[in-house]
Amino acid sequence: QVQLVESGGGLVQPGGSLRLSCAASGLTFSRYIMSWTRQAPGKERELVATVSTVGITNTQDSVKGRFTISRDNAKNTVSLQMNSLKPEDTAVYFCNARLPFQVKPDYSGQGTQVTVSS
């Protein structure tokens, strides 16, 4: 059974930092493109960042320079370091796994809440 378990969310003040982690099990982690998506209240889910099977990263323009995605294939984990957080970053953040030839994620986690507020 495949599981993606996110952790590290919480309440942080504007300008602060959080590090999200996702622990994957039940799949050959190194074969999957990993990504973080987020969904704010009343909005559609959006892609935040992606890391390929060989570590090539891509981040959405609105978080570029503030968020960094990384993966550790030895530990089956993917992380999202979030710096200079803004209130508009408030959302539920999801970890996703997708095989390279797929368009949509094969697996997604349950999500972790990130709230940026003073």
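# A tour of the strands and salt bridges

Of the 118 residues of the protein chain, 41% count as buried (buried means under 20% relative accessible area, exposed over 50%, partly exposed in between, with a 1.4 Å probe and protein chains only). This is a predicted model: local features need pLDDT of at least 70, side-chain atom pairs count only at pLDDT 80 or more, and totals for chains, interfaces and linings use all residues. Residues are numbered from 1 along each chain as its sequence is written, and side-chain values use heavy atoms, with hydrogens and water left out.

**Stop 1: the whole chain.** Show the cartoon. The protein chain has zero helices and 11 strands (DSSP runs numbered from the N terminus: H or I of at least four residues for helices, E of at least two for strands). The C-alpha trace spans about 40 × 25 × 25 Å along its principal axes. The radius of gyration is 13 Å, which agrees with the value near 13 Å for a compact globule of 118 residues (taken over C-alpha atoms; the globule rule is 2.2 Å times the number of residues to the power 0.38). Of the contacts with a separation of 6 or more, 55% come from residues 24 or more positions apart (contact means heavy atoms within 4.5 Å).

**Stop 2: the open sheet.** Select S1, S3, S8 and S7. These four strands form an open sheet in the order S1-S3-S8-S7, with antiparallel pairing (two strands pair if DSSP finds at least two bridges between them). The edges are strand S1 (3-7) and S7, each pairing on one side only. From one strand to the next, the twist averages 15° (axes are lines fitted to C-alpha atoms, for helices over the stretch in contact; angles run from 0 to 180 degrees between N-to-C directions). Now keep S3 and S8. Strand S3 (residues 18-25) pairs with S8 in the antiparallel sense over six bridges. Pick Cys 22: its bridge partner in S8 is Val 78.

**Stop 3: the salt bridges.** Hide the cartoon and show side chains. The structure holds four salt bridges (a side-chain nitrogen of Lys or Arg within 4 Å of a carboxyl oxygen of Asp or Glu). Start with Lys 64 and Asp 61, whose side chains meet at 3.4 Å, N to O. Lys 64 is partly exposed at 47% relative accessibility; Asp 61 is exposed at 65%.

Next, select Glu 46 and Arg 38. Their salt bridge is 2.6 Å, N to O. Glu 46 is partly exposed at 31%, whereas Arg 38 is buried at 6%.

Move to Arg 66 and Asp 89. The closest N and O atoms of this salt bridge are 2.7 Å apart. Arg 66 sits in the loop between strand S6 (57-59) and strand S7 (67-72), and Asp 89 in the loop between strand S8 (77-82) and strand S9 (91-98), so the pair ties together parts 23 residues apart in sequence. Both residues are buried. Salt bridges with shared partners join Arg 38, Glu 46, Arg 66 and Asp 89 into one network.

**Stop 4: around Asp 89.** Center on Asp 89. How buried is Asp 89? Its relative accessibility is 1%. The side chain makes a polar contact with the side chain of Arg 66 at 2.7 Å (a pair of N or O atoms within 3.5 Å; within protein, one must be able to donate a hydrogen and the other to accept it, and residues adjacent in sequence count only if both atoms are side-chain atoms). The backbone nitrogen of Lys 86 lies 2.8 Å from a polar atom of the Asp 89 side chain. Leaving out residues up to four places away in sequence, Asp 89 touches Arg 38, Val 63, Arg 66, Phe 67, Ser 84, Val 114 and Val 116.
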